[in-house]
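Subject: Structure for your review

Dear colleague,

I am handing over the structure below, and my notes on it follow. Please read them with the coordinates open beside you.

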Amino acid sequence: MNTQTQDALRKDWDTYFMDIAYMVSTRSRCPRRHVGAVLVQGKKLLGTAYNGAPMGVQDCLEAGCMIAEEVEMKLVDGKEQPFKKQRCIRTIHAEQNLLLFTDRTDREGSTVYVTDQPCWTCANMLANSGVIEIVYHRSYPKDSDKVTNLMKQKGIIFRGLDHFEPPAQAHMDVTS
Ligand SMILES: [Zn+2]
Ligand SMILES: [Zn+2]
């Protein structure tokens with residue numbers, strides 16, 4: 001392989017760290033959603049986390065998901081309509097676990113790569129965590145407007161990776 005081909009195949013840093021976030025997400029034992037997050041300072045990996053039940057208690061595979069039903073408003077033909085939505089509340093979100101398992105001093109000035117656009121609660125906590133940049137892949141339209149607005153107010157760089165393709169090994173098997 002010549003140097004030019006090697007350079008072309010070499011992953012850029014965004015892809016490199018998002019790949020890792022996806023691989024971390026495969027540790028999740030909630031069949032409804034696998035989310036991974038990593039903390040990066042400069043080009044150094046300082047922490048990894050995924051969504052899961054607290055240590056030492058039954059998780060979603062053992063006890064089943066803990067389903068909460070919520071009503072969400074969605075725009076249909078220009079009109080707001082209520083929709084019932086289910087989500088699993090057994091797990092601590094990946095971003096929250098990342099904050100639980102990293103030090104404040106490590107987070108100051110750092111970047112978080114997360115497979116999914118953070119929900120409002122996670123975004124609110126991240127906004128107070130010392131990180132200066134959040135990079136996500138899959139969008140989460142429900143909270144997107146208020147989260148984007150919060151990040152703008154805080155001066156936190158908030159960006160989605162458009163042309164990213166998750167590693168094949170991280171594809172979620174929803175049947176298991
Ligand atoms: Zn679950
Ligand atoms: Zn969250």
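At what angle do H6 and helix H7 (residues 141–154) pack, and how far apart are their axes? Bearing in mind that this is a predicted model, the two helices pack at an angle of about 5°, and their axes are 10 Å apart. Since angles under 35 degrees count as roughly parallel, H6 and H7 are therefore roughly parallel to each other. On the H6 side the contact is made by Trp120, Ala123, Asn124 and Ala127, which meet Asp143, Lys146, Val147, Leu150, Met151 and Lys154 in H7. Sorted by class, this contact of H6 with H7 has six nonpolar, one polar and three charged residues.

The sheet comes next. Five strands form an open sheet with mixed pairing, in the order S2-S1-S5-S6-S7. S2 and S7 stand at its edges with a single partner strand each, so one side of each is left without a neighbour in the sheet. On average, and with direction ignored, neighbouring strands of this sheet are turned by 15° against each other. S6 and S7 run parallel and are joined by four bridges, and Val135 stands opposite Arg159 in S7. H2 packs on the sheet, where it touches S1, S2, S5 and S6, and its direction makes about 140° with that of S1.

The largest nonpolar core has 27 residues, and those with the most contacts inside it are Ala21, Ala37, Val38, Val112, Tyr113, Val114 and Ile134. At least two residues of this core are supplied by each of helix H2 (13–25), strands S1 (36–41) and S2 (44–50), helix H4 (94–100), strand S5 (111–116), helix H6 (120–127) and strand S6 (133–138); H2 gives the most, with five residues. Leaving aside neighbours within four places in sequence, Val112 is in contact with Ala37, Leu39, Glu95, Leu98, Leu126, Val131 and Ile134.

Strands S3 (residues 67–76) and S4 run antiparallel and are joined by ten bridges, with Lys74 opposite Gln81 in S4. S3 and S4 form a hairpin with two residues between them, and Asp77 in the turn has a positive phi of about 50°. Of the ten residues of S4 (residues 79–88), the number buried is zero, so this strand lies largely in the open.

Finally, His171, found in the segment after strand S7 (157–160), is exposed, with 11 other C-beta atoms within 10 Å. The C-alpha atoms of His171 and Arg90 are separated by 22 Å, the two residues being 81 residues apart along the chain.

With best regards

Definitions and conventions: Residues are numbered from 1 along each chain as its sequence is written. Chains are lettered from A and ligands numbered from 1 in the order in which they are written. This is a predicted model: local features need pLDDT of at least 70, side-chain atom pairs count only at pLDDT 80 or more; totals for chains, interfaces and linings use all residues. A residue is buried if 20 or more other C-beta atoms lie within 10 Å of its own, exposed if 12 or fewer, and partly exposed in between; C-beta atoms are placed from the backbone. Two strands pair if DSSP finds at least two bridges between them. A nonpolar core is a set of buried Ala, Val, Leu, Ile, Met, Phe, Trp, Tyr and Cys residues joined through C-beta atoms within 7 Å. Two residues are in contact if their C-beta atoms, placed from the backbone, lie within 7 Å. Axes are lines fitted to C-alpha atoms, for helices over the stretch in contact, and angles run from 0 to 180 degrees between N-to-C directions. Angles under 35 degrees count as roughly parallel, over 145 as roughly antiparallel, 65 to 115 as roughly perpendicular and the rest as oblique. Ala, Val, Leu, Ile, Met, Phe, Trp, Tyr, Cys and Pro count as nonpolar, Asp, Glu, Lys and Arg as charged, and the others, Gly among them, as polar.
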